[in-house]
Amino acid sequence: MTGDSGQKTTLYQWIGGMEPIGRLVEAFYHQMDTVPEARDLRAMHPVDLAETKRVLTLYLAQWMGGPGDYSAERGHPRLRARHLGFRIGEAERDAWLLCMKRALDETIPDARGRQAILGALAPLADFMRNQQAG
């Protein structure tokens, strides 16, 4: 993204750093807990989401151009490989994106930032599918 000064700005900087990402992750898992379409997706996660939230926060911060703490702690993201043990089809992808869109709408006031994040996450979410349609 390009900021008002014309300089290249990371999404991490654009939305305000780690604090908004933490709020986004909290809102995302709240959506997953409450959106009926996400019931099966939520069931793939542990009951206690503390560690899951921490890891997603680190990942999103790094993915958006922030600190590389995720990779320093866990190595290369290898997202698809890390998720192969879970059945991820179109319904799970769509539920994940629905929860993320609602969480973005709730926590990121800047419409361009929300659109940029969701636009970049959509192909990533699709790449995570490991089940064929139909």
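Tutor: Gladly! Angles under 35 degrees count as roughly parallel, over 145 as roughly antiparallel, 65 to 115 as roughly perpendicular and the rest as oblique. This is a predicted model, where local features need pLDDT of at least 70 and side-chain atom pairs count only at pLDDT 80 or more, while totals for chains, interfaces and linings use all residues. Residues are numbered from 1 along each chain as its sequence is written, and side-chain values use heavy atoms, with hydrogens and water left out.

Student: What are the helices and axes here?

Tutor: Helices (H or I, at least four residues) are DSSP runs, numbered from the N terminus. Their axes are lines fitted to C-alpha atoms over the stretch in contact, and angles run from 0 to 180 degrees between N-to-C directions.

Student: Which residues of H4 and H8 make the contact?

Tutor: Contact means heavy atoms within 4.5 Å. On the H4 side you will find Tyr59, Leu60 and Trp63, and on the H8 side Ile117, Ala120, Leu121 and Leu124. They divide into 7 nonpolar, no polar and no charged. For this count, Ala, Val, Leu, Ile, Met, Phe, Trp, Tyr, Cys and Pro are nonpolar, Asp, Glu, Lys and Arg are charged, and the others, Gly among them, are polar.

Student: How do H2 and H4 cross?

Tutor: Their axes come within 9 Å and cross at roughly 135 degrees. That makes H2 oblique to H4. Residues of H2 in this contact include Ile21, Leu24 and Val25, and they meet H4 residues including Leu56 and Leu60. The contact residues divide into 9 nonpolar, 3 polar and 2 charged.

Student: Which residues does Leu60 touch?

Tutor: Leaving out residues up to four places away in sequence, Leu60 touches Ile21, Leu24, Val25, Met100 and Leu121.

Student: Which members of the largest nonpolar core touch the most other members?

Tutor: A nonpolar core is a set of buried Ala, Val, Leu, Ile, Met, Phe, Trp, Tyr and Cys residues joined through side-chain atoms within 4.5 Å; buried means under 20% relative accessible area (1.4 Å probe, protein chains only). Of the 32 residues in the largest one, the answer is Ile21, Phe28, Leu60 and Met64. H2 supplies the largest share of this core, 7 residues.

Technical notes:
Helix = DSSP H or I, 4+ residues; strand = E, 2+ residues; numbered from the N terminus. Buried < 20%, exposed > 50% of the residue type's maximum accessible area, 1.4 Å probe, protein only.
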